[in-house]
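Subject: Structure handover

Hello,

Here is the structure for you to take over. Please open it alongside this message.

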Amino acid sequence: MGLGLGLAAVALSGSAGAAAAQTRETLIAARDYKTQNVRTDAKAKVTQTAQPLMVPPLPERKTAKAAPIEPPLPDVWTAAEIDAAKARCTQALKGLDAVITPEPPIKQGACGTPAPIRLSRLAKVTFTPAALINCGMLAPLQTWITKDLQPLAARQLGAKITTIEVMSDYSCRTAFGRVGNKLSQHAYVDALDIRGFVTDKGQKVHVLDGWGATNRDIAAAVAAAKAGEEKLAQAQAEAAKPQQDNPRNAKSGASGKPATPGAGLVKATRVDSVDVVTAILPGPSKKPPLAARLGGPAAEAAPADARKQERKATDKGREKTAALSPGALATPPAGPHARFLRQAHAAACRIFGTTLGPEANEAHRNHFHVDMAERKIKKICD
(Lines give C-alpha, C1' and ligand atoms only; values in the text may rest on other atoms or scores of the structure.)
Protein backbone atom coordinates (compact mmCIF):
# COMPACT_ATOMS: atom_id res chain seq x y z
CA MET A 1 0.00 0.00 0.00
CA GLY A 2 2.76 2.28 0.91
CA LEU A 3 4.59 1.25 -2.19
CA GLY A 4 1.55 2.10 -4.26
CA LEU A 5 1.29 5.48 -2.72
CA GLY A 6 4.91 6.11 -3.37
CA LEU A 7 4.56 5.17 -7.01
CA ALA A 8 1.51 7.35 -7.29
CA ALA A 9 3.40 10.21 -5.79
CA VAL A 10 6.28 9.66 -8.12
CA ALA A 11 3.92 9.50 -11.06
CA LEU A 12 2.17 12.61 -9.92
CA SER A 13 5.45 14.33 -9.43
CA GLY A 14 6.59 13.25 -12.89
CA SER A 15 3.35 14.48 -14.40
CA ALA A 16 3.71 17.76 -12.65
CA GLY A 17 7.29 18.08 -13.90
CA ALA A 18 6.27 17.22 -17.38
CA ALA A 19 3.46 19.76 -17.25
CA ALA A 20 5.88 22.35 -15.93
CA ALA A 21 8.34 21.58 -18.67
CA GLN A 22 5.62 21.77 -21.32
CA THR A 23 4.45 25.07 -19.88
CA ARG A 24 8.00 26.39 -19.98
CA GLU A 25 8.40 25.31 -23.60
CA THR A 26 5.09 26.91 -24.43
CA LEU A 27 6.19 30.19 -22.89
CA ILE A 28 9.50 30.07 -24.74
CA ALA A 29 7.69 29.35 -28.00
CA ALA A 30 5.26 32.19 -27.38
CA ARG A 31 8.13 34.50 -26.57
CA ASP A 32 10.01 33.50 -29.73
CA TYR A 33 6.85 33.90 -31.79
CA LYS A 34 6.28 37.35 -30.39
CA THR A 35 9.88 38.32 -31.02
CA GLN A 36 9.68 36.99 -34.54
CA ASN A 37 6.49 38.92 -35.16
CA VAL A 38 8.07 42.09 -33.84
CA ARG A 39 11.07 41.66 -36.07
CA THR A 40 8.85 40.87 -38.99
CA ASP A 41 6.76 43.98 -38.35
CA ALA A 42 9.87 46.11 -38.01
CA LYS A 43 11.27 44.69 -41.20
CA ALA A 44 7.97 45.27 -42.92
CA LYS A 45 7.98 48.85 -41.69
CA VAL A 46 11.56 49.35 -42.90
CA THR A 47 10.73 47.77 -46.20
CA GLN A 48 7.62 49.88 -46.54
CA THR A 49 9.54 53.04 -45.72
CA ALA A 50 12.20 52.26 -48.34
CA GLN A 51 9.68 52.04 -51.19
CA PRO A 52 10.01 54.93 -53.73
CA LEU A 53 7.24 57.46 -54.13
CA MET A 54 5.00 56.90 -57.12
CA VAL A 55 5.44 59.82 -59.59
CA PRO A 56 2.78 60.22 -62.31
CA PRO A 57 4.24 59.75 -65.83
CA LEU A 58 4.96 62.82 -67.99
CA PRO A 59 2.59 63.49 -70.87
CA GLU A 60 3.76 62.07 -74.18
CA ARG A 61 5.87 64.59 -76.11
CA LYS A 62 4.51 65.42 -79.51
CA THR A 63 7.33 65.57 -82.04
CA ALA A 64 7.02 67.62 -85.23
CA LYS A 65 6.52 65.55 -88.28
CA ALA A 66 9.52 65.66 -90.59
CA ALA A 67 8.92 67.36 -93.92
CA PRO A 68 8.77 64.93 -96.77
CA ILE A 69 12.06 64.70 -98.61
CA GLU A 70 11.70 65.65 -102.23
CA PRO A 71 13.24 63.12 -104.55
CA PRO A 72 16.34 64.38 -106.35
CA LEU A 73 16.01 65.46 -109.93
CA PRO A 74 16.79 62.67 -112.34
CA ASP A 75 20.16 62.86 -114.03
CA VAL A 76 18.76 61.91 -117.41
CA TRP A 77 15.80 62.86 -119.53
CA THR A 78 13.17 60.22 -120.09
CA ALA A 79 12.73 58.73 -123.53
CA ALA A 80 9.31 60.40 -123.78
CA GLU A 81 10.81 63.84 -123.01
CA ILE A 82 13.55 63.39 -125.60
CA ASP A 83 11.11 62.20 -128.27
CA ALA A 84 8.79 65.16 -127.62
CA ALA A 85 11.67 67.65 -127.85
CA LYS A 86 12.91 66.14 -131.11
CA ALA A 87 9.41 66.36 -132.56
CA ARG A 88 9.30 70.07 -131.66
CA CYS A 89 12.66 70.57 -133.38
CA THR A 90 11.43 68.88 -136.54
CA GLN A 91 8.46 71.23 -136.56
CA ALA A 92 10.62 74.31 -135.85
CA LEU A 93 12.99 73.54 -138.73
CA LYS A 94 10.26 73.54 -141.35
CA GLY A 95 10.72 76.41 -143.80
CA LEU A 96 14.05 77.53 -142.32
CA ASP A 97 17.35 77.75 -144.16
CA ALA A 98 19.40 76.26 -141.32
CA VAL A 99 22.48 74.09 -140.96
CA ILE A 100 22.40 72.32 -137.59
CA THR A 101 23.94 69.34 -135.84
CA PRO A 102 21.83 67.45 -133.26
CA GLU A 103 23.62 67.15 -129.92
CA PRO A 104 23.15 64.59 -127.11
CA PRO A 105 20.67 65.53 -124.37
CA ILE A 106 22.08 67.82 -121.67
CA LYS A 107 21.04 67.24 -118.05
CA GLN A 108 22.88 68.89 -115.15
CA GLY A 109 20.39 69.06 -112.29
CA ALA A 110 17.87 71.70 -113.37
CA CYS A 111 20.06 72.77 -116.31
CA GLY A 112 19.98 71.48 -119.86
CA THR A 113 17.48 70.48 -122.53
CA PRO A 114 16.39 67.14 -124.01
CA ALA A 115 17.27 67.96 -127.64
CA PRO A 116 19.97 70.63 -128.03
CA ILE A 117 21.34 71.56 -131.45
CA ARG A 118 24.54 73.12 -132.74
CA LEU A 119 23.67 75.99 -135.11
CA SER A 120 26.30 76.64 -137.80
CA ARG A 121 24.34 78.62 -140.38
CA LEU A 122 20.94 80.31 -140.56
CA ALA A 123 19.46 82.43 -143.36
CA LYS A 124 22.82 82.43 -145.17
CA VAL A 125 24.59 83.87 -142.08
CA THR A 126 27.37 81.86 -140.41
CA PHE A 127 27.53 81.60 -136.61
CA THR A 128 31.11 81.45 -135.39
CA PRO A 129 31.73 79.46 -133.36
CA ALA A 130 28.64 77.32 -133.92
CA ALA A 131 26.07 78.11 -131.26
CA LEU A 132 24.66 75.53 -128.82
CA ILE A 133 20.97 76.43 -128.48
CA ASN A 134 17.54 74.83 -128.39
CA CYS A 135 15.22 74.72 -131.38
CA GLY A 136 12.98 77.41 -129.93
CA MET A 137 15.65 80.02 -130.75
CA LEU A 138 15.71 79.27 -134.49
CA ALA A 139 12.61 81.12 -135.67
CA PRO A 140 13.29 84.35 -133.69
CA LEU A 141 16.90 84.44 -134.91
CA GLN A 142 15.83 83.97 -138.54
CA THR A 143 13.25 86.75 -138.22
CA TRP A 144 15.84 89.10 -136.72
CA ILE A 145 18.35 88.35 -139.47
CA THR A 146 16.04 88.58 -142.46
CA LYS A 147 13.64 91.31 -141.34
CA ASP A 148 16.03 93.60 -139.48
CA LEU A 149 19.77 92.91 -139.61
CA GLN A 150 20.12 92.61 -143.37
CA PRO A 151 18.00 95.70 -144.22
CA LEU A 152 19.85 97.71 -141.55
CA ALA A 153 23.24 96.56 -142.83
CA ALA A 154 22.31 97.54 -146.38
CA ARG A 155 21.14 100.96 -145.25
CA GLN A 156 23.86 101.81 -142.71
CA LEU A 157 26.87 99.80 -143.91
CA GLY A 158 26.18 99.34 -147.60
CA ALA A 159 26.80 95.61 -147.23
CA LYS A 160 25.30 92.29 -146.12
CA ILE A 161 25.87 90.52 -142.84
CA THR A 162 27.70 87.25 -143.45
CA THR A 163 28.80 86.31 -139.93
CA ILE A 164 27.49 86.61 -136.40
CA GLU A 165 30.27 86.35 -133.82
CA VAL A 166 29.12 84.31 -130.82
CA MET A 167 30.54 85.11 -127.38
CA SER A 168 28.76 82.43 -125.32
CA ASP A 169 25.76 80.09 -125.35
CA TYR A 170 24.94 77.26 -122.90
CA SER A 171 26.13 77.74 -119.33
CA CYS A 172 24.65 76.17 -116.17
CA ARG A 173 24.63 79.28 -113.97
CA THR A 174 22.47 81.99 -112.43
CA ALA A 175 21.84 85.30 -114.17
CA PHE A 176 24.24 88.21 -113.65
CA GLY A 177 23.16 90.46 -110.79
CA ARG A 178 20.07 88.39 -109.98
CA VAL A 179 19.19 87.97 -106.29
CA GLY A 180 18.68 84.36 -105.22
CA ASN A 181 19.48 81.21 -107.14
CA LYS A 182 17.18 81.55 -110.14
CA LEU A 183 18.91 80.20 -113.21
CA SER A 184 19.83 82.22 -116.27
CA GLN A 185 18.26 81.37 -119.61
CA HIS A 186 21.76 80.27 -120.62
CA ALA A 187 21.20 77.32 -118.26
CA TYR A 188 18.27 76.16 -120.38
CA VAL A 189 20.21 76.37 -123.67
CA ASP A 190 17.84 79.21 -124.53
CA ALA A 191 20.13 82.24 -124.79
CA LEU A 192 22.87 83.64 -127.00
CA ASP A 193 25.54 86.30 -126.40
CA ILE A 194 26.65 88.10 -129.58
CA ARG A 195 29.96 89.96 -129.75
CA GLY A 196 29.51 91.51 -133.19
CA PHE A 197 28.89 91.16 -136.92
CA VAL A 198 30.97 90.83 -140.08
CA THR A 199 29.85 92.01 -143.54
CA ASP A 200 30.62 90.71 -147.01
CA LYS A 201 32.96 93.69 -147.39
CA GLY A 202 35.04 92.60 -144.42
CA GLN A 203 33.64 95.24 -142.06
CA LYS A 204 33.71 94.16 -138.41
CA VAL A 205 31.05 95.80 -136.30
CA HIS A 206 31.70 95.00 -132.66
CA VAL A 207 29.42 96.06 -129.82
CA LEU A 208 32.31 97.17 -127.61
CA ASP A 209 33.90 99.46 -130.19
CA GLY A 210 30.89 100.61 -132.15
CA TRP A 211 28.08 101.30 -129.69
CA GLY A 212 29.46 104.62 -128.44
CA ALA A 213 28.88 106.32 -125.11
CA THR A 214 26.25 104.88 -122.79
CA ASN A 215 23.98 106.83 -120.47
CA ARG A 216 26.37 105.91 -117.66
CA ASP A 217 29.18 107.58 -119.58
CA ILE A 218 27.10 110.70 -120.09
CA ALA A 219 26.23 110.91 -116.40
CA ALA A 220 29.90 110.48 -115.47
CA ALA A 221 30.93 113.22 -117.94
CA VAL A 222 28.32 115.62 -116.55
CA ALA A 223 29.51 114.94 -113.01
CA ALA A 224 33.16 115.47 -114.04
CA ALA A 225 32.33 118.73 -115.82
CA LYS A 226 30.44 120.00 -112.79
CA ALA A 227 33.34 119.07 -110.51
CA GLY A 228 35.73 120.90 -112.87
CA GLU A 229 33.62 124.04 -112.83
CA GLU A 230 33.46 123.99 -109.04
CA LYS A 231 37.21 123.54 -108.83
CA LEU A 232 37.78 126.44 -111.23
CA ALA A 233 35.46 128.72 -109.26
CA GLN A 234 37.24 127.80 -106.03
CA ALA A 235 40.64 128.54 -107.57
CA GLN A 236 39.41 131.93 -108.81
CA ALA A 237 38.06 132.78 -105.37
CA GLU A 238 41.30 131.74 -103.67
CA ALA A 239 43.41 133.78 -106.11
CA ALA A 240 41.21 136.89 -105.73
CA LYS A 241 41.66 137.15 -101.95
CA PRO A 242 45.10 138.94 -101.96
CA GLN A 243 43.92 141.66 -104.36
CA GLN A 244 43.22 144.09 -101.52
CA ASP A 245 46.81 143.82 -100.30
CA ASN A 246 48.33 143.99 -103.81
CA PRO A 247 46.45 146.60 -105.88
CA ARG A 248 47.05 146.80 -109.61
CA ASN A 249 48.43 150.37 -109.40
CA ALA A 250 51.04 149.63 -106.71
CA LYS A 251 53.89 152.14 -106.53
CA SER A 252 57.43 151.39 -107.64
CA GLY A 253 59.85 149.74 -105.24
CA ALA A 254 62.75 151.38 -103.47
CA SER A 255 65.07 150.73 -106.39
CA GLY A 256 63.01 152.96 -108.60
CA LYS A 257 62.23 150.10 -110.95
CA PRO A 258 58.59 149.42 -111.58
CA ALA A 259 57.37 146.61 -109.40
CA THR A 260 55.68 143.64 -110.93
CA PRO A 261 51.95 143.74 -110.19
CA GLY A 262 51.11 141.86 -107.03
CA ALA A 263 49.83 138.35 -106.81
CA GLY A 264 46.13 137.81 -106.96
CA LEU A 265 45.57 139.54 -110.30
CA VAL A 266 43.43 136.90 -111.95
CA LYS A 267 42.28 136.85 -115.51
CA ALA A 268 39.74 134.22 -116.49
CA THR A 269 39.55 133.52 -120.20
CA ARG A 270 38.40 130.72 -122.50
CA VAL A 271 40.80 129.50 -125.16
CA ASP A 272 39.68 126.87 -127.66
CA SER A 273 36.75 125.94 -125.40
CA VAL A 274 39.15 125.44 -122.46
CA ASP A 275 38.77 127.51 -119.26
CA VAL A 276 42.03 129.34 -118.44
CA VAL A 277 42.94 131.21 -115.26
CA THR A 278 46.09 133.35 -115.30
CA ALA A 279 47.55 134.63 -112.00
CA ILE A 280 50.46 137.13 -112.07
CA LEU A 281 53.15 136.09 -109.60
CA PRO A 282 54.63 138.80 -107.31
CA GLY A 283 58.19 140.11 -107.31
CA PRO A 284 60.35 142.15 -109.74
CA SER A 285 61.59 140.38 -112.82
CA LYS A 286 63.20 141.39 -116.08
CA LYS A 287 61.27 138.67 -117.91
CA PRO A 288 57.55 138.20 -117.79
CA PRO A 289 56.76 135.44 -115.29
CA LEU A 290 55.39 132.09 -116.37
CA ALA A 291 51.65 131.86 -116.07
CA ALA A 292 50.08 129.75 -113.36
CA ARG A 293 47.00 128.35 -115.05
CA LEU A 294 44.34 125.67 -115.13
CA GLY A 295 44.32 124.30 -118.65
CA GLY A 296 44.84 126.32 -121.81
CA PRO A 297 47.94 127.02 -123.90
CA ALA A 298 51.38 127.67 -122.39
CA ALA A 299 52.68 131.20 -121.83
CA GLU A 300 54.63 132.50 -124.80
CA ALA A 301 57.49 133.57 -122.52
CA ALA A 302 58.13 130.00 -121.42
CA PRO A 303 61.20 128.21 -122.76
CA ALA A 304 60.76 126.11 -125.89
CA ASP A 305 60.89 122.80 -124.00
CA ALA A 306 58.40 124.02 -121.44
CA ARG A 307 56.06 125.27 -124.16
CA LYS A 308 56.28 121.88 -125.89
CA GLN A 309 55.48 120.01 -122.70
CA GLU A 310 52.60 122.33 -121.89
CA ARG A 311 51.20 122.12 -125.40
CA LYS A 312 51.34 118.32 -125.34
CA ALA A 313 49.52 118.12 -122.02
CA THR A 314 46.95 120.67 -123.16
CA ASP A 315 46.23 118.84 -126.40
CA LYS A 316 45.78 115.59 -124.49
CA GLY A 317 43.42 117.20 -122.02
CA ARG A 318 41.51 118.92 -124.81
CA GLU A 319 41.01 115.60 -126.60
CA LYS A 320 39.76 114.01 -123.39
CA THR A 321 37.44 116.93 -122.72
CA ALA A 322 36.03 116.72 -126.22
CA ALA A 323 35.52 112.96 -125.86
CA LEU A 324 33.60 113.40 -122.61
CA SER A 325 31.83 116.64 -123.40
CA PRO A 326 28.23 116.36 -122.13
CA GLY A 327 26.98 118.15 -125.23
CA ALA A 328 28.72 115.69 -127.52
CA LEU A 329 27.50 112.70 -125.50
CA ALA A 330 23.91 113.89 -125.30
CA THR A 331 23.18 112.76 -128.84
CA PRO A 332 23.81 109.22 -130.12
CA PRO A 333 27.01 108.74 -132.13
CA ALA A 334 26.54 109.57 -135.78
CA GLY A 335 28.77 106.81 -137.17
CA PRO A 336 27.26 104.01 -139.28
CA HIS A 337 28.44 101.29 -136.90
CA ALA A 338 26.74 102.94 -133.93
CA ARG A 339 23.52 103.49 -135.86
CA PHE A 340 23.49 99.87 -137.07
CA LEU A 341 24.11 98.45 -133.59
CA ARG A 342 21.54 100.64 -131.85
CA GLN A 343 18.85 99.92 -134.42
CA ALA A 344 19.68 96.20 -134.37
CA HIS A 345 19.31 96.22 -130.59
CA ALA A 346 15.96 98.00 -130.82
CA ALA A 347 14.73 95.46 -133.36
CA ALA A 348 15.79 92.55 -131.13
CA CYS A 349 13.72 94.01 -128.29
CA ARG A 350 10.60 93.53 -130.41
CA ILE A 351 11.37 89.85 -131.09
CA PHE A 352 13.11 88.22 -128.12
CA GLY A 353 11.86 87.83 -124.57
CA THR A 354 15.03 89.46 -123.22
CA THR A 355 17.45 91.79 -124.99
CA LEU A 356 20.41 93.26 -123.11
CA GLY A 357 23.18 95.47 -124.40
CA PRO A 358 25.69 98.12 -123.29
CA GLU A 359 23.00 100.22 -121.62
CA ALA A 360 22.03 97.35 -119.27
CA ASN A 361 25.23 97.30 -117.18
CA GLU A 362 29.01 97.06 -117.49
CA ALA A 363 28.85 93.28 -117.89
CA HIS A 364 27.00 93.75 -121.20
CA ARG A 365 29.07 96.61 -122.58
CA ASN A 366 30.74 94.29 -125.08
CA HIS A 367 27.86 92.13 -126.33
CA PHE A 368 24.15 91.65 -126.97
CA HIS A 369 22.28 89.05 -124.92
CA VAL A 370 19.10 87.60 -126.46
CA ASP A 371 16.86 84.82 -125.14
CA MET A 372 13.31 83.55 -125.42
CA ALA A 373 12.30 83.66 -121.75
CA GLU A 374 8.55 83.89 -121.31
CA ARG A 375 7.53 87.16 -119.66
CA LYS A 376 4.21 87.59 -117.87
CA ILE A 377 4.07 91.38 -118.21
CA LYS A 378 6.42 92.66 -120.91
CA LYS A 379 9.69 91.96 -122.61
CA ILE A 380 12.95 93.09 -121.04
CA CYS A 381 14.86 95.57 -123.19
CA ASP A 382 18.01 97.26 -121.82
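Below is what turned up in it, from the whole chain down to single residues.

Overall

This is a predicted model. Two stretches need a flag. Over residues 1-20 pLDDT stays under 50, and the model shows zero contacts there beyond four places in sequence. Residues 313-324 also stay under 50, with nine contacts beyond four places in sequence.

The chain contains eight helices and 13 strands. Of its 382 residues, 27% are buried. Accessible surface comes to about 25300 Å², and carbon and sulfur atoms account for 59% of that. Take the contacts between residues at least 6 apart in sequence: 57% of them join residues at least 24 apart.

Strand β7 and its partners

Start with β7, residues 191-199. Eight of its nine residues are buried, so the strand is largely enclosed by the rest of the structure. Which strands pair with β7? One is β6 (residues 161-168), antiparallel over six bridges. Here Glu 165 has Gly 196 of β7 as its bridge partner. Another is β12 (residues 368-371), antiparallel over four bridges.

The nonpolar core

The largest nonpolar core has 39 residues. Which of them touch the most other members? They are Phe 127, Ile 133, Leu 141, Trp 144, Leu 192, Phe 197 and Phe 340. Helices α2 (79-92), α3 (138-156) and α8 (336-351) each supply at least two residues, as do strands β4, β5, β6, β7 and β12. The largest share comes from α3, with seven residues. As background, nonpolar side chains tend to be buried together in soluble globular proteins.

Not counting residues up to four places away in sequence, Ile 133 touches Pro 116, Ile 117, Leu 119, Leu 138, Leu 141, Val 189, Ala 191 and Leu 192. Another core, of seven residues, lies apart from the largest one; its members include Cys 111, Leu 132, Ala 187 and Val 189.

Check the peptide bond from Thr 128 to Pro 129. The bond is cis, with omega near -10 degrees. Pro 129 sits within strand β5, residues 125-133.

Then look at the loop between β4 (117-122) and β5, where Ala 123 is found. Lys 124 lies in that loop too. Ala 123 has a positive phi near 55 degrees, in a residue other than glycine. Lys 124 has a positive phi near 65 degrees, again in a residue other than glycine. Are these residues buried or exposed? Ala 123 has 14% relative accessibility, under the 20% cut-off, so Ala 123 counts as buried. Lys 124 has 60%, over the 50% cut-off, so Lys 124 counts as exposed.

Over to you.

Best wishes

Definitions and conventions: Residues numbered from 1 in each chain as written. Predicted model: local features only at pLDDT ≥ 70, side-chain atom pairs only at ≥ 80, totals over all residues. Heavy atoms only, no water. Buried < 20%, exposed > 50% of the residue type's maximum accessible area, 1.4 Å probe, protein only. Contact = heavy atoms within 4.5 Å. Areas by Shrake-Rupley, 256 points an atom, 1.4 Å probe, with all protein chains shown as cover. pLDDT = per-residue confidence, 0-100. Pairing = 2+ DSSP bridges. Core = buried A, V, L, I, M, F, W, Y, C linked by side-chain atoms within 4.5 Å.
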